[in-house]
Amino acid sequence: MHSASIGLGLNDFNNTNLTWALINWKLQLINSCKYAENLTVKTWARNACKIYSYRDFEVYDSNNNLLAIATSKWVLIDITKNSMIKIEKDLIRKI
């Protein structure tokens, strides 16, 4: 939804020819959850630069106990050129 709010969501793909690609993921499990338990996931963008952007996550159980933390690293891909592209400054500000 965050990508959609800045014009780079799944529904914008055909107009922009751009997509995000996950290149790295780190996950730390702190506690386990119960089967079929409702979870809350909080996520936010962090430290975008010219080549990549980070997105962090926290996962909580139904009692608001922290279960996991994660960091992901993303690049922006131009599908017509089949290559990574520079993330422009105006896009970095939006992220």
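View 1. Leaving aside neighbours within four places in sequence, K73 is in contact with A21, L22, I23, N24, Y52, S53 and Y54, where contact means heavy atoms within 4.5 Å. K73 is buried yet has no salt bridge, and the nearest side chain of opposite charge, D56, is 12 Å away. Buried means under 20% relative accessible area, exposed means over 50%, and partly exposed lies in between, with a 1.4 Å probe and protein chains only. In naming charges, Lys and Arg count as positive and Asp and Glu as negative, while His and the chain ends are not counted. This is a predicted model in which local features need pLDDT of at least 70 and side-chain atom pairs count only at pLDDT 80 or more, whereas totals for chains, interfaces and linings use all residues. Residues are numbered from 1 along each chain as its sequence is written, and side-chain values use heavy atoms, with hydrogens and water left out.

**View 2. The salt bridge between D56 and R46.** Side chains of opposite charge can pair when their charged atoms come close. A salt bridge is defined here as a side-chain nitrogen of Lys or Arg within 4 Å of a carboxyl oxygen of Asp or Glu, and by this rule the count comes to 1 salt bridge. The pair is formed by D56 and R46, whose closest N and O atoms are 2.5 Å apart. Because D56 lies in strand 3 (residues 52-60) and R46 in strand 2 (residues 40-46), the pair ties together parts that are 10 residues apart in sequence. D56 is buried, with a relative accessible area of 8%, while R46 counts as partly exposed at 28% relative accessibility.

**View 3. Y54 and the residues around it in strand 3.** Y54 is found in strand 3 and, at 21% relative accessibility, counts as partly exposed. When neighbours within four places in sequence are left aside, Y54 is in contact with W44, A45, R46, N47, T71, S72 and K73. Y54 and N64, which are 10 residues apart in sequence, are 24 Å apart in space when the distance is taken from C-alpha to C-alpha.

**View 4. W25, L27 and a nonpolar surface patch.** W25 is found in strand 1, which covers residues 18-29, and L27 lies in strand 1 as well. W25 is partly exposed, with a relative accessible area of 41%. Apart from neighbours within four places in sequence, W25 is in contact with F57, A70, T71 and S72, and L27, with such neighbours again left aside, is in contact with A68, I69 and A70. The C-alpha atoms of W25 and S72 are separated by 4.4 Å, although these residues are 47 residues apart along the chain; for L27 and E58, 31 residues apart along the chain, the C-alpha separation is 9.8 Å. Together with L22 and L29, W25 and L27 form a nonpolar patch on the surface, with about 440 Å² of accessible area together. Patches are made of residues with over 30% relative accessible area and no salt bridge, with nonpolar side chains (Val, Leu, Ile, Met, Phe, Trp, Tyr) joined within 5 Å and like charges within 9 Å. Accessible areas come from the Shrake-Rupley method with a 1.4 Å probe, and for residues only the protein chains shown count as cover.

**View 5. A positive surface patch that includes K86.** The patch is formed by K50, K86, K89 and R93, and the place of each charge is taken as NZ of Lys, CZ of Arg, CG of Asp or CD of Glu. K86 has its place in the loop between strand 5 (83-85) and helix 3 (89-94), and K86 is partly exposed, with a relative accessible area of 44%.

**View 6. The backbone at N17 and N47.** Most residues other than glycine have a negative phi. N17, although not a glycine, has a positive phi of about 60°, and this residue sits in the loop between helix 2 (13-16) and strand 1. N47, also not a glycine, has a positive phi of about 50° and has its place in the loop between strand 2 and strand 3. At 28% relative accessibility N17 counts as partly exposed, whereas N47 is exposed, with a relative accessible area of 52%.

Technical notes: Helices (H or I, at least four residues) and strands (E, at least two) are DSSP runs, numbered from the N terminus.
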